[in-house]
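Here's a quick briefing to read with the model open.

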Amino acid sequence: MLRTARRPMFLHWAAIAALAGVAAVRATVGAQAPAPAAVVEVRSGNDVTISAADCVAEKIGTIPIERIGEPVRRVTLAPPVWNEATAIAPAHCRVNGVIDPVDASATARPINFAVALPATWSRRAAQLGGGGMNGTIPGLTAGTAGSLLARGFATFGSDSGHQQAAFGRGGAEVVVRPAATAPAPPPNDWALNDEAIANLGYMQMKKTHDAAIVLIERLYGGPPRYTYYLGTSQGGREALTVAQRYPADYDGIAANVPIVGFSTLMLAPELIRIHEKTLANWVTPAKVNAIRGEFMRQCDGLDGLADGIINNYMACRAIFDVSQQGTPSGGSGRQGATNRKPWAGKRCPNNVDPNPADTSANACLTDGQISTLEFTYSRYAFATPLAHGARTFGMWVPNTDPSGSGLILNGRFRGQEGAAADAPMHSHLGVLGVTGFLMKDLAANPLDYVEGGAFNARRQQLSAMLDSTNPDLGAFAKRGGRMIVTIGTNDTLASPGAQLDYFASVVTTMGRPAVDRFARLFVMPQAGHGLSGTSYTTDGTGKTIEATRIPNRYDQWGLLFDWVEKGTAPAMSVVVTADDRSLPLCSYPSYPQYAGGPVGAASSYRCAQ
């Protein structure tokens with residue numbers, strides 16, 4: 001049923017595939033004989049053990065495409081490789097593979113994937129998400145992934161269906177067939193291919209999962225008892241996506257700083273630069289201290305303590321988000337008073353900046369600069385609703401890193417007033433999502449985008465492929481799935497505003513009691529994209545203070561595993577630590593409110609709304 005429901009998303013390349021004779025390919029490849037059942041040893045505790053003798057092609061066999069829940073042309077496996085135990089990973093069998101796209105055009109790309117199968121398997125499996133724009137297979141055997149392998153998890157992941165250097169992610173392209181004699185295709189033209197885009201958006205997760213499960217069954221003699229999706233950033237979006245699209249495949253999901261409205265997040269940095277086309281609207285890096293100083297002045301004390309940490313993120317956002325004039329947006333959280341002007345105290349007298357180079361917290365802001373800050377910290381309204389009825393994108397919330405991830409830049413770009421004749425076009429991590437996915441022209445100027453204009457229909461199409469904004473997680477909850485999501489409000493790479501709005505939409509759609517039975521939606525105030533951060537060195541009263549690390553450490557995976565496998569639900573708040581400090585990590589929309597006592601002790605705070 002799931003597969004049938006998704007066929008309309010395949011767009012034009014599904015029809016191309018049918019004309020190309022994919023049905024014949026399916027019949028031929030799908031008729032391959034399955035591999036013989038693995039002979040395995042079952043130890044006490046239900047662990048299953050394998051050895052190098054099991055890590056052979058004869059036992060791995062082939063993967064019929066009928067076993068893959070989204071359309072593919074074929075699955076090709078490299079010979080499995082046995083890896084003896086090292087200091088960083090236990091002994092395991094690794095299988096690399098390639099899933100070929102249905103589309104055979106020059107812009108199509110395969111999905112490279114890999115599975116690590118430990119010598120001692122605890123009947124658990126974990127699919128690991130990617131990062132940035134993906135393009136490489138995540139590490140499956142070292143670091144945190146190595147800790148999973150040591151616990152007996154089979155781990156697996158993919159490059160999501162294109163090959164490029166991925167932000168914040170190691171690994172290498174896996175090739176299991178002889179290199180083609182034809183020249184390599186342009187590295188970014190995959191962004192012009194709808195199947196590649198849909199793979200990135202959702203299909204690669206299903207295809208990789210299904211291929212990995214076949215290999216697990218072949219080598220161990222049966223499927224996992226528990227299957228998890230674990231991801232951060234892009235991988236966090238993937239984790240939310242599988243809960244929304246493939247709820248029957250996973251028992252537990254951990255999603256950190258998920259990119260929720262992916263299609264608009266790629267566009268959002270361009271929207272800021274478009275707003276700054278007028279030279280008067282340009283917020284220069286000289287204003288950074290004035291901006292975060294004003295955030296701190298108005299918001300630091302909202303949690304009952306002036307300590308350089310904006311804990312009460314909801315109240316602070318309500319001050320600086322001037323959109324919708326006080327009207328909540330479809331369950332997107334409360335708004336502040338109407339006609340508010342949060343930047344009035346920083347306005348330059350007579351709208352003339354006497355010292356544009358002033359980098360102090362006392363620097364003033366012109367009306368044009370204020371309009372850009374209001375734009376950046378308010379919900380962005382769409383011309384027409386996007387997937388799942390989304391009408392706005394949450395943009396950013398007040399933080400102490402207002403220039404982070406290129407939100408403020410020291411330069412003018414082609415298409416902006418005052419830019420040099422040879423000025424570069426603006427670019428950022430997700431710009432391919434604008435020039436390629438949206439405009440279908442890799443040489444296009446992303447600043448030519450107009451909301452509601454010629455690209456509006458394509459915007460809706462991409463949103464349906466890429467955005468993880470479905471607030472109804474009922475199918476995942478009904479089958480007993482469990483989820484822990486954690487975001488940080490100082491995140492300038494993802495959009496905390498969009499994340500908070502998604503949390504609100506889930507609670508509004510499903511009801512708080514239902515959500516609390518299967519999910520924890522945690523918010524870590526003033527933590528960045530890596531869920532770490534420090535207090536600001538000037539508190540809300542203007543006093544200089546010593547920076548301290550934001551408490552951020554807790555065993556998210558352990559909580560999730562216990563919830564799934566033992567039925568032990570995490571508390572609605574958990575204690576996080578850093579150095580000798582601790583703080584409660586509260587569930588949305590609660591925040592740590594200071595109640596009295598040592599400021600570095602979690603016991604001195606309560607989760608309040």
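Asp-467 touches Val-260, Gly-261, Phe-262, Ser-263, Thr-264, His-388 and Leu-462, leaving out residues up to four places away in sequence; contact here means heavy atoms within 4.5 Å. Keep in mind that this is a predicted model, where local features need pLDDT of at least 70, side-chain atom pairs count only at pLDDT 80 or more, and totals for chains, interfaces and linings use all residues. Residues are numbered from 1 along each chain as its sequence is written, and side-chain values use heavy atoms, with hydrogens and water left out.

**Asp-467**
- You'll find Asp-467 in the loop between helix 13 (456-466) and helix 14 (474-478).
- Asp-467 is buried (under 20% relative accessible area, 1.4 Å probe, protein chains only).
- Asp-467 has no salt bridge (a side-chain nitrogen of Lys or Arg within 4 Å of a carboxyl oxygen of Asp or Glu).
- The Asp-467 side chain does reach the backbone nitrogen of Ser-263, at 2.8 Å.

**Asn-410**
- Asn-410 sits in the loop between strand 13 (392-393) and helix 12 (432-438).
- Asn-410 is exposed, with a relative accessible area of 66% (exposed means over 50%).
- Asn-410 and Trp-282 are 128 residues apart in sequence, yet 9.4 Å apart in space, C-alpha to C-alpha.
- Asn-410 touches Trp-282 and Pro-285, not counting residues up to four places away in sequence.

Methods: Helix = DSSP H or I, 4+ residues; strand = E, 2+ residues; numbered from the N terminus. Lys, Arg positive; Asp, Glu negative; His and termini not counted. Polar contact = N/O pair within 3.5 Å; in protein donor to acceptor, adjacent residues only side chain to side chain.
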